[in-house]
Amino acid sequence: MRHAHLLSTAVMLLCCTACSGGPGGGSGESAEETVDHGAAVRAAIARTSADSARVDETIEMRSTDSPTTYVFAIGGAFDLAGDRGRLTVNLEDSGMDPVEEVFVGDTVYVRGSRAVGEDTWAAADRSEALTRYFLRSPLNDPEHLLRQMKAMRQVSNEGEEQVNDAPAVHYRGTIDHATATLRMTAKTKQGLDEVREKLGDDVPVYADVWVDGKGRAVQVRLSYFGGMKAVTTLTLSDFGTPVKAGAPPADEVVPVTAGEDVLLA
C-alpha cells in the first residue's frame with residue numbers, strides 16, 4: 001500500500017541521515033541539581049497506571065525532505081490497572097478505514113485489520129508484539145509508552161503549563177537507546193544501532209511529562225528531530241472512567257502475528 005510504503009521509507013531515513021538535536025535541548029540544566037525530578041515523574045506515572053482514563057494519542061511522522069506529515073489518531077478508554085481497554089486507530093487523510101482494538105490481559109483483539117477478513121477479529125499476543133516504527137508502541141499500547149517514560153533521565157522542571165484546562169508541572173528529560181528501541185523489530189533496531197554507532201552516543205530522544213495537582217501524569221510525549229520528525233503525544237483525562245472491554249466470540253477470532261498492518265505498528 002502506498003501509505004505504508006511511504007511511512008516505512010520515512011522511518012528508515014533515520015538510519016541514513018545525520019542526527020541533530022531537538023528544540024529545548026539545553027533546558028535540562030537547573031540550579032537545583034540535587035532535586036530528583038525523575039522520582040516525581042515515576043511516582044506520577046505509577047499513580048496514573050493504577051487507574052483508568054480516557055486516552056487520546058497522536059503520532060506525527062515526517063521525513064525532512066517531504067512536505068507530508070503522517071498523523072495517527074488513537075483514542076478510547078483504558079483501564080491501566082486492569083490491563084483492559086478499547087481503542088480506535090485512524091491514519092488521518094489516508095482514506096483507510098479505522099481499526100478497532102480491544103485489550104484483554106495479554107491478548108489484543110483487532111477488527112478492521114488488513115491481515116484478516118472483514119467482520120473477523122485478529123488476535124495477537126500483547127507481550128510478543130513488536131513495532132517497526134520509531135517512537136511508536138507495539139499495537140498502539142499506551143502502557144508501553146508509560147513504561148518508556150518511567151526511564152526518563154536528566155529530568156528538569158520546566159514550570160507550570162495548562163493541560164486539560166488545568167495547571168500541570170512540565171518535566172523534561174531524555175530516554176536512553178535501550179528504552180527508545182524497546183520492543184522494536186530487529187530490522188528497525190539494527191538501523192538505529194548503526195546511527196548510534198556513527199554518532200558515538202545515543203540518538204537524541206526527548207521525553208516530556210506533565211503532572212497535575214493530584215500527582216498524576218496527564219500528558220506524556222516522546223520526540224525526535226533529525227533525519228525525520230517523530231512525535232508521539234499521549235493525553236489522559238476523565239480518570240476513573242468505566243471501561244468495557246471483553247473478548248469477542250471465539251468463532252470470530254483468527255490468531256495473527258502483530259505488526260503486519262501499518263495501523264498496528
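The expected span of a helix is 1.5 Å times one less than its number of residues. Helices (H or I, at least four residues) and strands (E, at least two) are DSSP runs, numbered from the N terminus. This is a predicted model, in which local features need pLDDT of at least 70 and side-chain atom pairs count only at pLDDT 80 or more, while totals for chains, interfaces and linings use all residues. Residues are numbered from 1 along each chain as its sequence is written, and side-chain values use heavy atoms, with hydrogens and water left out.

**Helix α5**

- Helix α5 covers residues 186-199, 14 residues in total, and its first and last C-alpha atoms are 20 Å apart, close to the 20 Å expected at 1.5 Å a residue.
- Thr-188, Gly-191, Leu-192 and Val-195 of α5 are buried, where buried means under 20% relative accessible area, exposed over 50%, and partly exposed in between (1.4 Å probe, protein chains only).
- These four lie on the same side of α5 because they cover an arc of only 95° around the axis; the arc is that of the directions from the helix axis to the C-beta atoms.
- An α-helix has 3.6 residues a turn, so residues three or four places apart point the same way.
- Ala-186, Lys-187 and Glu-197 are exposed on the other side of α5.
- The packing partner of the buried residues of α5 is α4 (177-180).
- Gly-200 follows α5 and has a positive phi, near 75°.

**Leu-146 in helix α3**

- Leu-146 belongs to helix α3 (residues 142-149).
- Leu-146 counts as buried because its relative accessibility is 2%.
- With neighbours within four places in sequence left aside, Leu-146 is in contact with Ile-45, Ser-49, Leu-80, Val-220 and Leu-234, contact meaning heavy atoms within 4.5 Å.
- One of these residues, Leu-234, is 88 residues from Leu-146 in sequence, and the C-alpha to C-alpha distance between the two is 9.1 Å.

**Positive phi at two aspartates**

- Asp-83 is not a glycine, yet its phi is positive, about 55°.
- The loop between β2 (70-79) and β3 (84-91) holds Asp-83.
- Asp-83 counts as partly exposed because its relative accessibility is 31%.
- Asp-93, also not a glycine, has a positive phi of about 60°.
- Asp-93 is placed in the loop between β3 and β4 (99-104).
- Asp-93 counts as exposed because its relative accessibility is 82%.
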